[in-house]
Amino acid sequence: SRFPAEKAAPVLLQRLPVETHGTIRYKLLRALGAVRVRNPEVKLDHDLLEQLIQRTMTRLFQMIEFRVQLERQESDDPAWRTPVSEDVRDLLRSKELHATERLFRLFSLRFPNEDFRRIHRGLTAGGRSALASSRELLENALPSPIREAILGYLDDVPDARRLAAGSRYHRATQRSPRELLQALLEEPSLHLRCLVAHHVKEMNIPESEERIHSLCERAQSAMKDVFRRSLEPLKTPGATRAFVVPIR
């Protein structure tokens with residue numbers, strides 16, 4: 001981002017859709033924001049930014065869907081509610097909040113005439129007056145259908161209604177408990193897969209063991225040990241709380 005803006009901005013932006021590491025994607029967004037602040041006139045590819053916004057919207061509502069399905073399963077069968085499942089839900093919620101932050105950073109790049117940083121701060125840390133003001137600013141700043149989806153997400157309503165607001169970007173999938181865990185094991189987040197691998201083992205679901213073996217083979221360094229331990233029988237299911245550091 002310290003290079004000339006007209007050269008740095010396209011490189012940073014074009015890397016965003018293909019970068020697989022969440023922390024790197026976040027740093028790319030921050031770097032692009034810094035370029036735009038120092039050089040408001042810099043040109044960015046609007047079509048690519050809109051694709052990234054749509055992709056992030058999909059990710060946001062997907063995280064909500066996973067958390068809702070896990071909570072529903074725990075409600076139907078209390079045996080599924082364990083310390084590890086709580087960590088999974090906490091991480092999904094963390095990823096939801098990070099996706100929201102990424103959205104507002106993308107909004108700032110796509111619609112540079114609006115102060116989305118202040119709007120986001122009003123939505124997350126302001127009082128009732130700041131919240132109402134931020135929502136009003138969003139109504140005027142965002143085009144349809146992004147506007148309806150993001151305002152529906154921000155409404156203080158049950159998660160099912162929030163998911164419905166984002167149906168244009170993510171259509172919910174009906175899953176059995178095992179299908180839900182399998183879907184979570186396919187997630188790109190290594191931290192999430194590690195936690196779910198522990199949860200699979202504590203729930204004694206042998207159908208998922210082959211998938212965990214595959215993850216173990218592909219993991220590196222300390223993460224390989226995490227998956228390997230998840231394959232060992234837990235002596236006290238649900239008693240040990242897994243450790244996770246949420247990443248963006």
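This is a predicted model: local features need pLDDT of at least 70, side-chain atom pairs count only at pLDDT 80 or more; totals for chains, interfaces and linings use all residues.
Reader: Are α2 and α4 roughly parallel or roughly antiparallel?
Author: The axes of helix α2 (residues 22-38) and helix α4 (residues 83-110) come within 10 Å and cross at roughly 30°. Angles under 35 degrees count as roughly parallel. The arrangement of α2 relative to α4 is therefore roughly parallel.

Reader: What is the handedness of that crossing, and how many charged residues does the contact of α2 with α4 have?
Author: α2 passes α4 in a left-handed crossing. From α2 the contact takes Tyr-26, Leu-29, Arg-30, Leu-32, Gly-33 and Arg-36, and from α4 it takes Glu-101, Arg-102, Arg-105, Leu-106, Ser-108 and Leu-109. By class, five of these residues are nonpolar and two are polar, and the number of charged residues is five.

Reader: Why does α4 count as roughly antiparallel to α5?
Author: α4 and helix α5 (residues 116-124) have axes 9 Å apart and pack at an angle of about 155°. Angles over 145 degrees count as roughly antiparallel. α4 is therefore placed, relative to α5, as roughly antiparallel.

Reader: Which residues of α5 meet α4?
Author: The crossing of α4 and α5 is right-handed. On the α4 side are Thr-100, Glu-101, Phe-104, Phe-107 and Ser-108. The contact divides into five nonpolar, three polar and two charged residues. The α5 residues are Phe-116, Arg-117, Ile-119, His-120 and Leu-123.

Reader: Which residue caps the N-terminal end of α3?
Author: Helix α3 covers residues 46-76. A side-chain oxygen of the capping residue lies 3.0 Å from the backbone nitrogen of Asp-47. A polar contact is a pair of N or O atoms within 3.5 Å. The cap is Asp-45.

Reader: How far does α3 reach from its first C-alpha to its last?
Author: α3 has 31 residues, and the span expected at 1.5 Å a residue is 45 Å. The span in the model is close to that, at 45 Å.

Reader: Where does Pro-145 lie?
Author: A cis peptide bond joins Ser-144 and Pro-145, with omega about 5°. α6 covers 128-141 and α7 covers 146-154, and Pro-145 is in the loop between α6 and α7.

Reader: Are α6 and α7 roughly parallel or roughly antiparallel to each other?
Author: The axes of α6 and α7 are 9 Å apart, and the two helices pack at an angle of about 165°. Their crossing is right-handed. With angles over 145 degrees counted as roughly antiparallel, the two helices are therefore roughly antiparallel.

Reader: Which residues of α7 meet α6?
Author: α6 contributes Arg-135, Leu-138 and Glu-139. The contact of α6 with α7 has three nonpolar, no polar and three charged residues. From α7 come Arg-147, Leu-151 and Leu-154.

How values were computed:
Residues are numbered from 1 along each chain as its sequence is written. Side-chain values use heavy atoms; hydrogens and water are left out. Axes are lines fitted to C-alpha atoms, for helices over the stretch in contact, and angles run from 0 to 180 degrees between N-to-C directions. Helices (H or I, at least four residues) and strands (E, at least two) are DSSP runs, numbered from the N terminus. Angles under 35 degrees count as roughly parallel, over 145 as roughly antiparallel, 65 to 115 as roughly perpendicular and the rest as oblique. A crossing is left-handed if the near helix is turned anticlockwise from the far one by less than a right angle, and right-handed if clockwise. Contact means heavy atoms within 4.5 Å. Ala, Val, Leu, Ile, Met, Phe, Trp, Tyr, Cys and Pro count as nonpolar, Asp, Glu, Lys and Arg as charged, and the others, Gly among them, as polar. The expected span of a helix is 1.5 Å times one less than its number of residues. A polar contact is a pair of N or O atoms within 3.5 Å; within protein, one must be able to donate a hydrogen and the other to accept it, and residues adjacent in sequence count only if both atoms are side-chain atoms.
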